[in-house]
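Entries are in the order I looked.

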Amino acid sequence: PLLAAGPGFTAGRTDQPVLVQDITRTICAIAGVTAPITQDGVDLRDVQNNPENYQTRKLLHQVRDVAGANTDCPSCDIITTRTQKLIRYLGASPPATYTYESYQKDTDPNELVNLGTGITGFSTLEADLNTLLT
C-alpha cells in the first residue's frame, strides 16, 4: 500500500501496483528536475490519473542473497501484475533448479492459495520474467 498526496495528485485511489523506483521518478517530476541517471520508474501521478495505461504493467522484483548467509530469505525472482504474482526461487547449485509460488491476486489478495506451477497464464508470466531479466 502507498499513500501519496501533493501537486498533480487527485482525490481517490487506484489499485495499480507500483515500485519504490516510481517514487524517485515522481519526486523528480514534481521538483521539475532531471535525474543525472536514467530512472526505471514511472510518475505516480500518471498511474493515478491514467490507470488504464497501467492495467498490464509487469513489475520485476529481485531478492538476492549473494553471500548465502540468510536462509530466511532465499534468492528469488518475482514478477507481479495487477492480477497475478509469480515467485521463482533459485536452487542452491548449478544447473539452476527452480521452485515456484504463484497467486491469483484478484481472487486471493492475501496470497493464501499457492497455485504452484502449470497454471494457465503463469507460463506466459515466467516468459515475461525471463525477458525482464535480460
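**Leu60.** I looked up Leu60 and found it in strand S1. I take helices as DSSP runs of H or I with at least four residues and strands as E runs of at least two, numbered from the N terminus. At 25% relative accessibility, Leu60 counts as partly exposed, because buried means under 20% relative accessible area, exposed over 50%, and partly exposed in between (1.4 Å probe, protein chains only).

**Model and numbering.** This is a predicted model, and I kept to its rules: local features need pLDDT of at least 70, side-chain atom pairs count only at pLDDT 80 or more, and totals for chains, interfaces and linings use all residues. Residues are numbered from 1 along each chain as its sequence is written, and side-chain values use heavy atoms, with hydrogens and water left out.

**Confidence.** pLDDT is the predictor's confidence in each residue, from 0 to 100. The protein's mean is 83, and 85% of its residues reach 70 or more. Which element has the lowest mean pLDDT, and which the highest? Strand S1 (residues 59–63) is lowest at 82, and helix H2 (residues 44–49) is highest at 91.

**Layout.** I counted three helices and four strands. From the N terminus on, they run α-α-β-β-β-β-α. Of the 134 residues, 31% are buried.

**Salt bridges.** How many salt bridges does the structure hold? I get seven, with a salt bridge being a side-chain nitrogen of Lys or Arg within 4 Å of a carboxyl oxygen of Asp or Glu. I looked at some of them.

- Lys58 pairs with Asp128, and the closest N and O atoms are 3.7 Å apart. Lys58 lies in the loop between H2 and S1 and Asp128 in helix H3, so this pair ties together parts 70 residues apart in sequence. Lys58 is partly exposed at 36% relative accessible area, and Asp128 is partly exposed at 21%.
- Arg88 pairs with Asp77, the closest N and O atoms being 3.5 Å apart. This one links distant parts of the chain, with Arg88 in strand S3 (residues 84–90) and Asp77 in strand S2 (residues 76–80), 11 residues apart. Both Arg88 and Asp77 are buried.
- Arg45 and Asp43 meet through their side chains at 2.7 Å, N to O. Both of these residues are buried too.

**More on Arg88.** A network of salt bridges links Asp77, Arg88 and Glu126. Arg88 also lies over the face of Tyr98, at 4.6 Å from the ring centre. For a charge over a ring, NZ of Lys or CZ of Arg has to be within 6 Å of the ring centre and within 35 degrees of the ring normal.

Gly6 sits in the segment before helix H1 (20–31) and is partly exposed, with a relative accessible area of 34%. Gly6 and Arg45 are 39 residues apart in sequence and 9.2 Å apart in space, C-alpha to C-alpha. Gln16 is in the segment before H1 as well. Is Gln16 buried or exposed? Gln16 is buried, at 8% relative accessible area.

**Nonpolar patch.** Which residues form a nonpolar patch on the surface? I noted Leu2, Val20, Ile23 and Ile27, with about 370 Å² of accessible area together. Areas come from the Shrake-Rupley method with a 1.4 Å probe, and for residues only the protein chains shown count as cover. Patch members have over 30% relative accessible area and no salt bridge; like charges are joined within 9 Å, and nonpolar side chains (Val, Leu, Ile, Met, Phe, Trp, Tyr) within 5 Å. Val20 is in helix H1 and counts as exposed, at 60% relative accessibility.

**Glu111.** Last, a backbone check. Phi of Glu111 is near 50 degrees, a positive value in a residue other than glycine. Glu111 is in the loop between strand S4 (98–104) and helix H3 (122–133), and is partly exposed at 26% relative accessible area.
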